Amino acid sequence: MSASLAAVRIDRVIAEIEQLSHFSDAAAPAVTRVLYTPTDMAARRYLQELALAANFEWHTDAIGNSFIRWPGNRPDLPAVATGSHMDAVPFSGKYDGVVGVLGGLEALRMLRERGFVPQRTLELIIFTAEEPTRFGLGCIGSRLLSGAIDLAALQALRDADGTSFEEARRAAGFNGDLGSVRLSHGLYHAFVELHIEQGPVLESKGIAIGIVTGVAASTTAQITLEGRGGHAGTVPMDSRDDPLVGAAELILATEQMALKSGADAVATVGKLAVHPGASNSIPRLVQLSLDVRHTDEVMRDDMVRQLTQTTATIAQQRRLVHSFQIVNSDPSLRCSSLVVGAVEAAAEKWALPVLKLVSRAYHDTVFMGAICPVGMIFIPCRHGYSHRPEEYASPEAIAAGVQVLADSLAELAGGIQP
Ligand code: GLV
Ligand code: MN
Ligand code: MN
């Protein structure tokens with residue numbers, strides 16, 4: 001066990017997690033923090049205060065990705081970064097993303113307080129909009145950083161109120177050139193993200209550290225079904241073209257298709273908008289969101305193909321006009337042996353039990369993987385709960401994750417241990 005890395009100051013981290021959870025548009029214990037809202041902006045200011053109080057450099061790019069920097073003594077070498085997100089889906093918890101942000105900050109503070117002098121610059125990145133809540137697209141910040149989305153497509157995204165991404169970011173005070181956000185290959189030597197598992201495996205097996213070997217491929221689509229609407233009392237049942245009944249059929253078909261596609265497959269309809277939404281009107285237009293994931297990219301593509309076909313068949317049988325629009329179709333990620341090795345060595349140093357696993361939640365790490373070697377550290381969370389207010393990770397679990405993150409960063413950055 002390294003004498004240079006004393007125990008994590010976990011009370012400080014827990015106090016900051018609690019403090020950050022108050023920046024929320026839902027009543028505690030739920031957290032809602034949506035991109036570019038006043039609440040999101042206030043949370044960002046809180047993080048900036050913490051970073052500056054710890055004497056780190058802070059800068060923000062043209063969409064609000066924020067970078068906390070600790071210059072190394074070899075600034076000519078590619079940097080080593082950690083990071084995660086602070087936005088929170090509606091009525092969720094206080095740990096998703098936040099553990100990687102505040103745990104990452106703690107890892108940097110701890111290394112410095114213990115006298116570590118990094119060779120490579122160390123960075124903590126707080127990514128803008130990992131969650132798809134506002135614009136229907138997740139990982140906006142890391143997509144743009146890594147060149148996975150073109151600027152016109154990004155600017156054109158619209159939220160439920162019709163506000164474009166471009167209007168929203170300018171209203172939030174981010175006016176810089178979008179083209180400047182893109183980062184080059186070679187800028188980072190490695191990236192490692194600390195995150196709660198968001199599933200039950202680590203807790204059920206009594207494992208402290210999950211070492212992520214890959215992330216599942218995910219596709220998001222928007223589907224619309226349109227009929228003619230009408231009066232709920234006067235249009236006979238046999239002459240209706242009700243898109244909500246078609247949507248119900250499609251949702252059931254989606255569940256069946258995922259169940260038949262094996263344990264690595266998941267498919268979810270999480271959003272449904274019904275127009276005009278009157279109890280005595282037959283619906284005229286229904287919009288559904290579709291989220292399809294599989295650890296195998298080819299299988300994921302096959303699931304999406306099947307659902308495209310099923311949508312067309314249901315629409316034809318029910319005399320509906322339909323559209324099936326892919327919002328994003330992302331590759332699966334394989335983590336780098338450089339980062340996996342560093343995390344393994346760090347966990348071994350502290351005699352922490354580890355398990356290698358694949359993530360079916362997606363993360364900014366997927367997109368950082370397009371520009372540098374990447375990996376992830378998972379810690380257990382109670383009952384695997386996530387995206388709900390009951391989400392919880394214990395101080396002990398967080399401390400172990402921060403310790404392993406700090407040692408992984410020190411190993412990847414190189415430097416002088418006191
Ligand atoms: C991110 O929260 C995801 O949907 O996996
Ligand atoms: Mn999430
Ligand atoms: Mn997350």
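Angles between axes count as roughly parallel under 35 degrees, roughly antiparallel over 145, roughly perpendicular from 65 to 115, and oblique for the rest. The views come from a predicted model, where local features need pLDDT of at least 70, side-chain atom pairs count only at pLDDT 80 or more, and totals for chains, interfaces and linings use all residues. Residues are numbered from 1 along each chain as its sequence is written, while chains are lettered from A and ligands numbered from 1 in the order in which they are written.

**View 1. Helix α10 crosses helix α12.** Here the axes of α10 (residues 337-349) and α12 (residues 395-413) come within 8 Å and cross at roughly 125°, so the two helices are oblique to each other. Axes are lines fitted to C-alpha atoms, for helices over the stretch in contact, with angles running from 0 to 180 degrees between N-to-C directions; helices are DSSP runs (H or I, at least four residues), numbered from the N terminus. On the α10 side, look for Ala342, Val343, Ala345, Ala346, Ala347 and Lys349, which meet Val404, Asp407, Ser408, Glu411 and Leu412 in α12 (contact: C-beta atoms, placed from the backbone, within 7 Å). That set splits into 7 nonpolar, 1 polar and 3 charged residues.

**View 2. The surroundings of ligand 1.** Glu131, Gly138, Ala361 and Tyr362 surround ligand 1 (C-beta atom, placed from the backbone, within 6 Å).

**View 3. Domain 1 meets domain 2.** Domain 1 covers 10-216 + 332-416, and domain 2 covers 222-329. Their C-alpha centres lie 34 Å apart. Domain 1 puts 7 residues into the contact and domain 2 puts in 8.

How values were computed. A crossing is left-handed if the near helix is turned anticlockwise from the far one by less than a right angle, and right-handed if clockwise. Two residues are in contact if their C-beta atoms, placed from the backbone, lie within 7 Å. Ala, Val, Leu, Ile, Met, Phe, Trp, Tyr, Cys and Pro count as nonpolar, Asp, Glu, Lys and Arg as charged, and the others, Gly among them, as polar. Domain bounds come from an automatic or database domain assignment.
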